[in-house]
Amino acid sequence: MTEPLVLGLESSCDETGVGIVRGRTLLANEVASSVDLHVRFGGVVPEVASRAHLSALVPALERAAATADVDLADLDAVAVTAGPGLMGALVVGIASAKALSAYLNKPLYGVNHLVGHVAVDLLDHGPLPMPSLALLVSGGHTSLLHVEDIATNITEVGSTIDDAAGEAYDKVARILGLPYPGGPVIDKAATDGDPTAIRFPRGLTARHDMEKHRFDFSFSGLKTAVARWVEQRRLDGLDVPVNDVAASFQEAVCDVLTAKTVDAAQHLGVNSILIGGGVAANSRLRALLEERATAVGIELRRPRPALCTDNGAMIAAVASEAIASGVGPSGVGFSANSGLP
Ligand code: KG4
Ligand code: ZN
């Protein structure tokens with residue numbers, strides 16, 4: 001059988017993504033972001049995101065088909081994010097995918113967004129060694145996943161007990177007066193800062209925490225520590241060294257993420273680590289994890305940054321793997337599930 005030609009639609013947050021893959025080959029990945037519309041609110045406004053998906057989806061679909069040079073009638077399947085995400089935003093993608101699937105008479109796959117972040121590396125580096133440990137770090141999630149089979153067997157072995165890593169970046173950016181989304185801005189600001197300037201706390205790394213919450217993360221204490229430090233500085237009438245705060249905050253986040261991930265991989269006896277989600281685009285996280293994983297002989301998989309943030313190709317990749325493993329389509333009966341685990 002020739003490899004399946006799969007269309008993937010992603011609309012769980014503020015990115016309208018349309019991707020096309022053939023088997024494990026990426027043919028097109030169009031992403032239209034409504035981030036500019038959310039900047040003045042300091043975060044994603046669900047209703048604004050939903051409306052933006054409505055107007056961006058068809059043009060993105062047309063661009064993707066043109067880039068991939070495919071006729072939609074030749075598709076083997078249509079895939080769409082079923083959840084988790086913003087309800088109204090998900091509904092736009094799902095309704096569109098159902099309409100396309102019915103019109104083109106193609107099977108429909110409802111895909112878990114988080115599995116998409118894990119599967120996308122296939123498109124860059126081929127099949128993931130099994131088992132692997134995936135560190136999923138985005139605006140909504142921070143999880144460690146023990147992956148034994150992408151299509152059928154993923155177990156969560158750790159997660160954040162409060163803020164997601166991306167959420168911490170976004171909140172700290174706000175404290176520093178930097179725009180939303182904070183991740184890329186702090187990443188950039190940190191390149192001109194000293195990561196050792198301020199020693200911010202590393203959450204849940206004390207021995208008793210490690211015993212209780214072996215692979216869990218906490219970032220809200222770090223965010224509060226940054227807020228207090230900045231506030232004190234302002235009360236003292238001193239300038240806030242934005243680059244040093246950004247670099248020191250980033251160092252604390254990446255130190256915890258990488259130390260726990262390597263620790264969990266060793267504990268589980270897993271020789272391969274994968275990173276995914278928007279924060280996986282972070283330059284310091286990528287470098288520090290590479291350093292620490294390599295030091296203990298663990299292979300690190302890092303999708304290119306453009307595939308770490310939300311996109312449609314990652315959704316198509318999951319459906320393509322499902323087809324290859326003989327997993328049947330979802331049918332048109334499924335609904336958006338904003339809290340999909
Ligand atoms: O996966 P994603 O695109 O959307 C969600 O599913 O949440 O992740 C978005 C998050 C935002 O919090 C953003 O600030 C963060 O990823 N992010 C980054 C970087 N690029 C995006 N965080 C740190 N460094 C980056 N370079
Ligand atoms: Zn995401």
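**Close-up views of a predicted model**

The protein in this predicted model has an average pLDDT (the predictor's confidence in each residue, from 0 to 100) of 94, and 98% of the residues score at least 70. Residues are numbered from 1 along each chain as its sequence is written, and chains are lettered from A and ligands numbered from 1 in the order in which they are written. In this predicted model, local features need pLDDT of at least 70, side-chain atom pairs count only at pLDDT 80 or more, and totals for chains, interfaces and linings use all residues.

**View 1. The five-stranded open sheet.** The strands follow the order β8-β7-β6-β9-β10, with mixed pairing. β8 (153-159) and β10 (299-301) are at the edges with a single partner strand each, so one side of each has no neighbour in the sheet. From one strand to the next, the twist averages 25 degrees. Strands are DSSP runs of E of at least two residues, and helices runs of H or I of at least four, numbered from the N terminus; two strands pair if DSSP finds at least two bridges between them.

**View 2. Pairing of β9 and β10.** Strand β9 (residues 272-276) pairs with β10 in the parallel sense over three bridges. L274 has R301 in β10 as its bridge partner.

**View 3. Surroundings of G139.** G139 lies in the loop between β6 (132-137) and β7 (142-149). Residues up to four places away in sequence aside, G139 is in contact (C-beta atoms, placed from the backbone, within 7 Å) with A164, G166, E167, D170 and G278.

Conventions
Contact = placed C-beta atoms within 7 Å. Axes fitted to C-alpha atoms, helices over the stretch in contact; angles between N-to-C directions.
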